[in-house]
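Please walk me through this structure step by step.

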Protein chains: 2
Amino acid sequence: MITVALAKGALLKDSIICLKTAGLDFTTLTRPGNRQLTVSSSCGRARALLVRNADVPVYVAYGQAQLGLVGDDVLREHPLELAHLVDLGFGGCRMAVAVKQSSPYRRAADLPAHCRVATKFIHCARTFFDSLHLPVDLIQLQGSVELGPLTGMSEAIVDLVATGQTLRDNGLVAIEDLFFSTARLVGNPLALRMDRGQLQEVVVAMGHVVRGYSLSP
Amino acid sequence: MITVALAKGALLKDSIICLKTAGLDFTTLTRPGNRQLTVSSSCGRARALLVRNADVPVYVAYGQAQLGLVGDDVLREHPLELAHLVDLGFGGCRMAVAVKQSSPYRRAADLPAHCRVATKFIHCARTFFDSLHLPVDLIQLQGSVELGPLTGMSEAIVDLVATGQTLRDNGLVAIEDLFFSTARLVGNPLALRMDRGQLQEVVVAMGHVVRGYSLSP
């Protein structure tokens, strides 16, 4: 039996469409009122494990799931030994540096040394500012990162931007992108080496789906 | 103007009752449909900042809020320079080690060396197992920690237990407590030193509330 780790939240709907097109039907997960964290596919070949975004790479790396669907932002923030299999294309968003609209800074390199930057993505932000040779004081927050500049706690933020609506609502503006992120299919390296064809079949089918279909029209 | 950081979630209702009894009315925060992250008290003396649990100590430590109400579990997990002012008594829960009901282990010290323990509270768990001189492989998860033993990823978990219902629902049993946690009033040390009586007044009133009233009957 194949176990697939799926991320709760924004990627779930397209993940389930993508898997269904590839032959694994987990649509029971999206039924209103569903509270189950594991469900079997209608064909009985696989089960899905519904977990938090950041937990997907953990379950796959430890082998409790052989495959996982998760955003590239999460994979970059929590680097673990995983096989990166398919860029699924959906869930596009960018990791960006943003400041108040009234801020004089228009590039990340303009930010003053040792200024404060609030983020949920400490590892990504550290890597980025290190690459600029710009020492900043990173403040780790769990939510509502836009409050950092609004309360005067930080000069800037590093956060995911999809439509940009949250930034606009809070009077912030993105000034530089760290990277563009999309959903990815990842696998447990050992499980892939020991595979007798079952996993490979899913991986190939997912690749066909991505090349042949447009999700979320 | 005093700013008070409040934790979203389980502690919010009692935090607001407690503050109201002490003279600061933030009940607009609990109105259905409220989406504001900052509100002023009805008396105009203070404003509340509604943030994630783990962000309360951050806003208070950086001085964006002079006071904060948050669980002792969060303060232990994210140790920052804060003044611990009042034990508010509500929000009682325990941080516990739990295993499958079918597990042979009945004390934390029974767990085999280098076994896996899943937790959201890496710092608390590390401190506890270090005190037992028991080396374990801690796996950090963001949610649904009970899936650790259920999927076979970990032998045990370290997690907050309030009623114990989640453990029972998942066939787990708590075998040892790390500590008992309640909500606390914390303050920014510098703000308290510079205080001209405003903060002290709130702190004293909160102390009286705790000694005189029983919240959440």
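**A covered strand and its partners**

Start with strand β3 of chain A, residues 46–51, where 5 of the 6 residues are buried, so that the strand is mostly covered. A residue is called buried if 20 or more other C-beta atoms lie within 10 Å of its own, exposed if 12 or fewer, and partly exposed in between; the C-beta atoms are placed from the backbone. Strands and helices here are DSSP runs, numbered from the N terminus: a strand (E) has at least two residues, a helix (H or I) at least four.

A note on the source: this is a predicted model, in which local features need pLDDT of at least 70, side-chain atom pairs count only at pLDDT 80 or more, and totals for chains, interfaces and linings use all residues. Residues are numbered from 1 along each chain as its sequence is written, while chains are lettered from A and ligands numbered from 1 in the order in which they are written.

Which strands pair with β3(A)? Strand β1(A), residues 2–7, runs parallel to β3(A), and 6 bridges join them. Strand β2(A), residues 38–40, pairs with β3(A) in the antiparallel sense over 3 bridges. Two strands count as paired if DSSP finds at least two bridges between them. Look at A48(A) in β3(A). A48(A) is the bridge partner of V4(A), and A48(A) is also the bridge partner of V39(A). Strands of a sheet pair through backbone hydrogen bonds, either parallel or antiparallel. β2(A) and β3(A) form a hairpin with 5 residues between them. In its turn, G44(A) has a positive phi of about 80 degrees.

**Two domains in chain A**

Now step back to the whole of chain A. The domain assignment gives domain 1 (2–91 + 182–212) and domain 2 (93–180). These bounds come from an automatic or database domain assignment. The centres of the two domains, taken over C-alpha atoms, are separated by 30 Å. How many residues are in contact between them? In domain 1 of chain A, 4 residues are in contact with 6 residues of domain 2 of chain A. Contact means that the C-beta atoms of two residues, placed from the backbone, lie within 7 Å. By class, the side of domain 1 that touches domain 2 has no nonpolar, 1 polar and 3 charged residues. Ala, Val, Leu, Ile, Met, Phe, Trp, Tyr, Cys and Pro count as nonpolar, Asp, Glu, Lys and Arg as charged, and the others, Gly among them, as polar.

Next, find V210(A) in helix α8(A), residues 198–212. Is V210(A) buried or exposed? V210(A) is buried, because 21 other C-beta atoms lie within 10 Å. Leaving aside neighbours within four places in sequence, V210(A) is in contact with V86(A), L88(A) and G89(A). V210(A) and D130(A) are 80 residues apart in sequence and 34 Å apart in space, C-alpha to C-alpha.

**A helix with two sides**

Just after α4(A), H133(A) takes a positive phi of about 55 degrees.

**Over to chain B**

In chain B, 5 strands form an open sheet in the order β8-β7-β9-β6-β10, with mixed pairing. The edge strands are β8(B) and β10(B), each of which pairs on one side only. Strands β7(B) and β9(B) pair in the parallel sense over 3 bridges. In β9(B), I157(B) is the bridge partner of A118(B). Helix α4(B), residues 122–131, packs on the sheet and touches β6, β7, β8, β9 and β10 of chain B.

Finally, see where the chains meet. In chain B, 19 residues are in contact with 19 residues of chain A. The elements that give two or more residues to this side of chain B are β3(B) and α2(B). The residues of this side divide into 11 nonpolar, 6 polar and 2 charged.

Methods. Axes fitted to C-alpha atoms, helices over the stretch in contact; angles between N-to-C directions.
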